[in-house]
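Q: I am new to this one. Can you walk me through the structure?

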Amino acid sequence: MKSMVTLSVNDLSVQYQSQGKKVQAVDHVTFSFDKNESLGIAGESGCGKSTLGLAIMKTLQENASVSGKILFDGKSILETSDSEFTKDIRWKQISMMFQGAMNSLDPVFTIKKQFEEILKKHNFQGDKKQAIELAISSVGLSHPVLDKYPHEISGGMKQRVIIAMALIMTPRLVIADEPTTALDVLVQAQIMILLKKLKKEGLSIILISHDLGIISEIAEKVGIMYAGQIVEFGNMQEIYKNPKHPYTIALLESIPKLQETKRIIPLKGNPPSLVNPPSGCRFYDRCPQAMEKCKKDPPKIKTESGFVMCWLHE
Ligand SMILES: Nc1ncnc2c1ncn2[C@@H]1O[C@H](COP(=O)(O)OP(=O)(O)OP(=O)(O)O)[C@@H](O)[C@H]1O
Ligand code: SF4
Ligand SMILES: [Mg+2]
């Protein structure tokens, strides 16, 4: 069994250049997690979750510029050359289930062929057949799936294939970007059972989701992202029981809970644009507790297990 990893992200920013404008997709983000912990990143569409994952994978598009520090088991990812990262880390130590990947499996190749391509791309040296069989059995698939084309298998099976592909080079950390989105509730539950099993076997997981309920099933640590910033970070249990940031509270109120008849309160309004985001608290326009001083940048206040960025907790 592999040992789980530590990851520490310090003051990470990612800016995209797009049509002459600068999009600040990740804005001075800091967090860390330890061995035996998995991390969840939650927030609405467009808040920068995927960008954060891609930065850790060193797989950002060419129009992105990155600053800050990412330490993976103490090694600085941003200071590692691309060739060294490709040779030793990408897919071999850290892999990613890209958002929507199950819908971009190549329709003209069998699943087996697509596994072989990944092994080739990552310069796999061992027994290919054995590696593929091991990967598919670890996600609960059996041999016949290998001869099928993507359109011949169900959504749940496709997602298992994507997980198996991320696991094929036996990485220690997997970044799962919205792995249950677009699947029906029953299949979502099965995928979560699978991720939990893999975690128990020693895999570190970063789970990216707009659904805090799903994250709470697996993650010990959670970061709540809003308009490019992490506005609250800490132990999942603490944040679930006692959320401090008004945005976290709104997110929790917007998810249905089993066995509870509590009314779901949808979050109204939209986050600010990431092109020249406003100064002061970015949640200001939507916050039920906004005060005059919230027009100034909120301080980062230490909590029991992390921090919250909000004037209410000064
Ligand atoms: N390659 C790119 N070039 C320019 N802007 C980009 C690029 N990729 C993402 N963005 C912008 O960066 C911001 C963050 O995008 P990102 O995809 O990281 O958000 P997300 O939280 O993953 O959203 P979703 O929940 O919809 O997947 C958005 O405003 C998005 O439009
Ligand atoms: S800083 Fe002010 S506006 Fe922002 S979340 Fe806290 S109370 Fe609301
Ligand atoms: Mg995304």
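What follows is a short chat about the strands, helices and ligands.

Q: Before we start, what kind of model is this?
A: This is a predicted model, where local features need pLDDT of at least 70, side-chain atom pairs count only at pLDDT 80 or more, and totals for chains, interfaces and linings use all residues. Residues are numbered from 1 along each chain as its sequence is written, and chains are lettered from A and ligands numbered from 1 in the order in which they are written.

Q: Which residues does UniProt list for "domain: ABC transporter"?
A: The unreviewed UniProt entry gives residues 7-252 for that domain. UniProt positions are in the numbering used here, feature names are shortened, and annotations may be inferred rather than shown by experiment.

Q: How far apart are the end C-alpha atoms of residues 7-252?
A: They lie 26 Å apart, and the span is 35% helix and 28% strand. Helices (H or I, at least four residues) and strands (E, at least two) are DSSP runs, numbered from the N terminus.

Q: Let's take strands, then. How do S1 and S2 pair?
A: Strand S1 (residues 7-18) and strand S2 (residues 21-33) are antiparallel, with 9 bridges. Strands pair if DSSP finds at least two bridges between them. Serine 8 has serine 32 in S2 as its bridge partner.

Q: What sits between S1 and S2?
A: The two strands form a hairpin with 2 residues between them, and glutamine 19 in the turn has a positive phi of about 50 degrees.

Q: Which sheet has S1 and S2 in it?
A: An open sheet of 4 strands, in the order S2-S1-S4-S5, with antiparallel pairing. S2 and strand S5 (75-76) are at the edges with a single partner strand each, so one side of each has no neighbour in the sheet. Strand S4 (residues 64-72) pairs with S5 over 2 bridges in the antiparallel sense, and leucine 71 has serine 76 in S5 as its bridge partner.

Q: And what is the order of the sheet of 8 strands?
A: That open sheet runs S6-S7-S8-S3-S9-S10-S12-S11, and its pairing is mixed. Strand S6 (94-97) and strand S11 (300-302) stand at the edges, each with a single partner strand, so one side of each lacks a neighbour in the sheet. From one strand to the next, the twist averages 20 degrees.

Q: Parallel or antiparallel: how do S3 and S9 pair?
A: Strand S3 (residues 39-42) and strand S9 (residues 221-226) are parallel, over 4 bridges. Isoleucine 41 has glycine 223 in S9 as its bridge partner.

Q: Now the ligands. Which residues are closest to ligand 1?
A: Tyr16, Ser45, Lys49, Ser50 and Thr51 are the closest of the 17 residues that surround ligand 1. A residue counts as near if its C-beta atom, placed from the backbone, lies within 6 Å of the molecule.

Q: Which elements supply that shell around ligand 1?
A: S1, S2 and helix H1 (49-56) each supply at least two residues. H1 gives the most, with 3 residues.

Q: How does the shell around ligand 1 divide by class?
A: It has 5 nonpolar, 11 polar and 1 charged. Ala, Val, Leu, Ile, Met, Phe, Trp, Tyr, Cys and Pro count as nonpolar, Asp, Glu, Lys and Arg as charged, and the others, Gly among them, as polar.

Q: What about ligand 2, which residues are closest?
A: Ligand 2 is surrounded by 14 residues, the closest being Cys281, Cys287, Ala290, Cys294 and Cys310. By class, its shell has 12 nonpolar, 2 polar and no charged residues.

Notes
Axes fitted to C-alpha atoms, helices over the stretch in contact; angles between N-to-C directions.
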